[in-house]
Amino acid sequence: MREKAKLLDKESIHRSLMRIAHEILEKNKGTQDLCLIGVRSRGAYLAVRLSACIQQIENTGLPVGILDITLYRDDLTLIAASPVVHKTEISFDINDKNLVLVDDVLYTGRTVRAALDALSDFGRPKSIQLAVLVDRGHRELPVRADYVGKNIPTAKNETVEVRLEEVDGVDEVVITEK
Amino acid sequence: MIWTKKDLLGLEYLTKEEIELILTTAESFKEVSTRDIKKVPALRGKTVVNLFYEPSTRTRVSFEVAAKRLSADVINIASETSSVRKGETLIDTGTNIEALKADIIVVRHNASGAANMLARHVSISVVNAGDGWHEHPTQALLDIFTLKEKLGRIEGLKVSIIGDIAHSRVARSNIWGLTKLGAQVKVCAPKILIPPGIEQMGAVVTDDIEEALEDADAINILRMQFERDAETAFPEQLEYFKNFGITQERLKKAKKDIVVMHPGPINRGIEMESSVADGLNSVILEQVTNGIAVRMAVLFLVSQGHDKKYENTD
């Protein structure tokens, strides 16, 4: 794996999240009935950070839930080794809420499809919006993000890696090639 | 840690890491049963066959609920009402189930080694739901899961298994699992119910109930299987209760927060007093709840595993 370029650093990640926080508040006209759902694993950390950004702006944080989509994947029968199943932790009622689904990279759209299926097992939210730090294109399903940190055109043999302090010890987004 | 095995035959054949993977996967699955819609699509389109050659309510229902919460289709075959009565062998039944394109066979059989033999003759997954006096891996896994949930760890715990050790696959699976995870296991029973070779598995043997209770963090009380084997000597019921039954009086001398487990069904007044079964230290019903999560984890993992090698499974 060869690292080709660094696309975002600590400061630019924070600025992106801050802008997305403002956009979420603008579109939803405040924090009423608004909740964040982070997709494991890095989406969960980003959701917590977004909640902190919103806290900074509005003085109220948002409830954050964590979703593990492993059991809803459409490729369970195709992958060779079994993926590790982690916990889903949504401690609040999502019925009639406006949910913002948060993930690190939007690529084929299959993770989002799985997340939507999973959320519908928890209730019927009023709306679900999608926020991602990076949109790298190559969609295989009709999915689009409402909030995007950075659009990064990529080739299919490249990988976009979002590294976050909470798990990777560093805040950066890099593009790597096999 | 990645799961590779297509079968779950016994805890003897698993590494410490594999056992831990099942336990952490089960933790994740436990949440599913707390939802309004208690179902995930992980095994959608898969067929699970419960093949039971011995009566069982709890284990069969638990596997059925677990499979259904994973969206699998479940077929129950009980030997009394099947072609087994016409003399069909286990292997023939197994290969026929495979020919029906089922994906997982959950098998309970009165012969030790039945699940291992079946697994060698079919290429679909086999989960051992109890074979003779050999192993009952999912029961031990749910016991260990419950213990870990209650006490936060397994390593260093002192666990006493009390009762009919000789006829108990639950005891054997628990000894394998607990010792691999670093617990100290003591078994306690009348001498006639202690099988030879149990020390080699890593357990300390005693026939003194007080010794089994003192400084134990948990006890696992086994059912006296009076129905199982008419030929072997069994203690008289009241005599057993007098010498080995778990009573409030006996528990007074044990650790205050000792965890009391029983795989069920309970013989009230034989292995334990009713007030102990229903008491504050008892986690018997939590074991039943946790059994679903553990079996969901096992069904999910074996459905993902493809490794057909069976070293050391004879």
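Where in chain B does Asp215(B) lie? Asp215(B) is found in the loop that runs between helix H7 (209-213) and S8 of chain B. This and the other close-ups below are taken from a predicted model.

Figure 1. Asp215(B) sits between H7 and S8 of chain B. Asp215(B) has 13 other C-beta atoms within 10 Å; a residue counts as exposed with 12 or fewer, so Asp215(B) is partly exposed.

**Figure 2. Asp96(A) is a loop residue with positive phi in chain A.** Phi of Asp96(A) is near 60 degrees, and the residue is not a glycine. Is Asp96(A) buried or exposed? Asp96(A) counts as exposed because it has 11 C-beta neighbours inside 10 Å.

**Figure 3. Chain A is built from four helices and eight strands.** Along the sequence these elements follow the pattern β-α-β-α-β-β-α-β-β-β-α-β. The C-alpha atoms fill a box of roughly 45 × 40 × 30 Å along the principal axes. A compact globule of 178 residues would have a radius of gyration near 16 Å, and the 16 Å of chain A agrees with this. Of the 178 residues in chain A, 40% are buried. Among contacts in chain A with a separation of 6 or more, 70% come from residues 24 or more positions apart.

**Figure 4. A cis peptide bond lies between Arg40(A) and Ser41(A).** Omega of this bond is about -5 degrees. Ser41(A) belongs to the loop between strand S2 (34-39) and helix H2 (42-58) of chain A.

**Figure 5. An open sheet of five strands in chain B has parallel pairing.** In general, strands of a sheet pair through backbone hydrogen bonds, either parallel or antiparallel. In this sheet the strand order is S7-S6-S5-S8-S9 (chain B). Strand S7 (203-206) and strand S9 (259-261) of chain B stand at the edges; each has a single partner strand, so one side of each is left without a neighbour in the sheet. On average, neighbouring strands of this sheet are turned by 20 degrees against each other, with direction ignored.

**Figure 6. Strands S5 and S6 of chain B run parallel.** How many bridges join strand S5 to strand S6 of chain B? Five bridges link S5 (residues 158-162) with S6 (residues 184-188). Lys158(B) stands opposite Gln184(B) in S6(B). Helix H6 (residues 169-180) of chain B packs on the sheet, where it touches S5, S6, S7 and strand S8 (218-221) of chain B. The direction of H6 makes about 160 degrees with that of S6(B).

**Figure 7. Helices H2 and H11 of chain B pack at an angle of about 60 degrees.** The axes of H2 (residues 58-69) and H11 (residues 284-304) are 8 Å apart. The angle makes H2(B) oblique to H11(B). The crossing of H2(B) past H11(B) is right-handed. Residues of H2(B) that meet H11(B) include Phe63(B), Val65(B) and Ala66(B). On the H11(B) side, the residues met include Ile292(B), Met296(B) and Leu299(B).

**Figure 8. A cis peptide bond joins Gly264(B) to Pro265(B).** Its omega is about -10 degrees. Pro265(B) is part of the loop between S9 and helix H10 (274-277) of chain B.

Note on methods. Residues are numbered from 1 along each chain as its sequence is written. Chains are lettered from A and ligands numbered from 1 in the order in which they are written. This is a predicted model: local features need pLDDT of at least 70, side-chain atom pairs count only at pLDDT 80 or more; totals for chains, interfaces and linings use all residues. Helices (H or I, at least four residues) and strands (E, at least two) are DSSP runs, numbered from the N terminus. The radius of gyration is taken over C-alpha atoms; the globule rule is 2.2 Å times the number of residues to the power 0.38. A residue is buried if 20 or more other C-beta atoms lie within 10 Å of its own, exposed if 12 or fewer, and partly exposed in between; C-beta atoms are placed from the backbone. Two residues are in contact if their C-beta atoms, placed from the backbone, lie within 7 Å. Two strands pair if DSSP finds at least two bridges between them. Axes are lines fitted to C-alpha atoms, for helices over the stretch in contact, and angles run from 0 to 180 degrees between N-to-C directions. Angles under 35 degrees count as roughly parallel, over 145 as roughly antiparallel, 65 to 115 as roughly perpendicular and the rest as oblique. A crossing is left-handed if the near helix is turned anticlockwise from the far one by less than a right angle, and right-handed if clockwise.
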